[in-house]
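Here is a brief report on two regions of a protein model. Please look at the sequence and structure first.

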Amino acid sequence: MSAREAILGKVRKALDASGNAGRLDNVWDRLMEAPAGIIPTRAQLDPEARVELFCRMATQAAATVARVAGEEVVPAAVTAYLRARNLPAKVRMGGDRRLKAMPWVNERTLQVRHGPSDGDDEASVSHAAAAIAETGTLALFSGKDNPTTLNFLPDHHIVVVDAADIGGDLESVMRLARARYGKGEMPRTLNFITGPSRSGDIEQKLLLGAHGPRALHIIVVDG
Amino acid sequence: MLITSPAFKQNAHEALADAQLQKAMGHVRSGFIDKRSHAVEALPEFDALRDSARAIKDHTLANLDLYLTAYEEKVLAAGGKVHWAETAAEARGIVLDICRMHDAKTVAKGKSMITEEIELNDFLEASGIRPVETDLGEYIIQLRGEHPSHIIAPAVHLNKEQVEADFRRVHTDLPPERDLSDPASLLGEARRVLRQKYFEADIGITGANFLVAETGSSIIVTNEGNGDLSQILPRVHVVIASIEKVVPTLEDAAQILRVLARSATGQEMSVYTTVSTGPRRPNDPDGPDEYHVILLDNGRSSMLGTEFQEMLRCIRCGACMNHCPVYHAVGGHAYGWVYPGPMGAVLTPSLIGVDKAGHLPNASTFCGRCESVCPMKIPLPKMMRHWREREWERGLNPTAARTGLKFWAWFARRPALYHLATWLAFPLLAVAGGRKRRFGFLPLAGGWVRHRDMPAPQGRTFMQQWRDRDALKQGSPL
């Protein structure tokens, strides 16, 4: 008998699962309907209040946040961030079409490289698929134009998110994933990111910049 | 790993006399408890979410066979592989096969208690493969040849001076005069050393906080980002998870996520919650080429349908040990196996046997704090009591304890005799207590009076007072 059959056999025996036909229907219904449970009221707000809550919660998680008027000023906001921190005017990004549509050529001093990170990039730029006001969390799907290495290897991770894509709760991202990839389907990686990397492993003292980015900068795009 | 749970009493003695440990345990008492309570206060729905989370796990456990097969089907459809392991040895064998298939020399590891349970590191090393722990706490204890003393803060028993000494001992290629007095400099050094290891590793191994049946995804919840680097840089990602980690849907995972981080570290949400499904897709620019899941039983199925089934709801947040006065006093290593604190006191006898771990469910004052903070509302004290009963039924308690209990039971079942004896003994003991009204010496209770005095009885017995109270109630005009 295979380990699979042995384990499932023990489970069925322990649950006394024979002859209970209703179980399969219950399980199937739950998988199909994916009922939501308790949704905290904290983030059930109108869109503008939701964006404000997102900014507040992300800041509380030690991210920095800038709100800009439109996508045409995002490259300037990236340059300003790098300059304010005395970082080289260089970023790495994927081929995300929303990022591609922005006027990077206007930033004459900024060097933009494309593709996944090799570990030598100081700063990267990603576009989040969505964000969650409840906890100040970003949601990033991996894919052809969105390398996951950009979220973890550079010291500074700059994430652009449209104000209109900021939902109230985790469940709004689950709905987006279903709409985009199909029921029960997912991209290889969905990263929920809440603030920069940290560790409390030495004497419970919280320190930023463990293995992932030391700094997380969020650019919220209105309009 | 040498199981030292049978020597719990000796371990506890040594732990209480260990000045370094006692200093380090102060951080647990001051750190975790306040952070959790602030996070809980900030979310009015917290208690309702606990009930929701409990109901999800109860439903999943009652249909575990169906959810496991549904999950397996989705992993396969996403291009992943599923391996089933009944025992620790089978799981180790599967990991080794995957390593051999890829001619792996180095394995990068995210934090995983299951790999501690199956003693994967020792096994890989004996097979000529180098496991590198990448979580800061796990990295530190790997350098020291130790095991975690806490399920989410593995190096909580150490002080920064000890970590500094270990880094100086092991990182010999770095300048000896460097300043490592600040925890930030220790973190920076570990970050630089480990960066290279992710790129060198042929295989990345992580655990899982959840397996999602709806999508075939595994979810890890971390703060450092090491679990992510361990799974996106090597060519192969291996997930090792025990069978009770499965939940039905993404929505169900979201419910439990809301209580997990708050109970563990007091965060609203951990920094990285990562949902991984299968290997990289044809056009993906990065990510692993292969994705394997090892589903481990190792005793879980034997807990189903018993009075210990509810323990399978545990999400390994560590809140029970963070709030446990016994854990605070002796630390995690005294428990003598992988899982310490109240959750360990219930789980360890299930997994290695009550004959070896019988001391653990006895090392509790039943103060009930563990159950009151458990996000999954697991009745930990009740289950410790079940283990004490099993221990008694199997005759595993020491002879002196059994004889004493039998004598007391005989006495307690004869109320008239019991009352007469206490009525006679009370005034005698009160006199024997002397002017100080307490005893510094008692026959058969040397262990108890070694550290404190026993107060001598004063006034009337409890039963006498109870009768008076009843009489007063009945006679009262109200």
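In which helix of chain B is the place of Leu417(B)? Leu417(B) sits in helix H21.

## Basis

This is a predicted model, where local features need pLDDT of at least 70, side-chain atom pairs count only at pLDDT 80 or more, and totals for chains, interfaces and linings use all residues. Residues are numbered from 1 along each chain as its sequence is written, chains are lettered from A and ligands numbered from 1 in the order in which they are written, and side-chain values use heavy atoms, without hydrogens and water.

## Nonpolar patch

Leu417(B) is partly exposed, at 37% relative accessible area. Buried means under 20%, exposed over 50%, and partly exposed in between (1.4 Å probe, protein chains only).

Helices H20 (399–412) and H21 (415–432) of chain B each supply at least two of the patch residues. H21(B) gives the largest share, 4 residues. Helices are DSSP runs (H or I, at least four residues), as are strands (E, at least two), numbered from the N terminus.

## Helix H8 of chain B

H8(B) spans residues 136–144. Because 7 of its 9 residues are buried, H8(B) is largely enclosed by the rest of the structure. Among the buried residues are Tyr139(B), Ile140(B) and Ile141(B). The buried residues pack against strand E10 (198–199) of chain A. In chain B, they pack against H6 (113–117), E3 (130–133), H9 (160–170) and H10 (183–200). Contact means heavy atoms within 4.5 Å.

At the start of H8(B), a side-chain oxygen of Asp135(B) comes within 3.1 Å of the backbone nitrogen of Gly137(B). Gly145(B) follows H8(B), with a positive phi near 70 degrees.

How values were computed:
A polar contact is a pair of N or O atoms within 3.5 Å; within protein, one must be able to donate a hydrogen and the other to accept it, and residues adjacent in sequence count only if both atoms are side-chain atoms.
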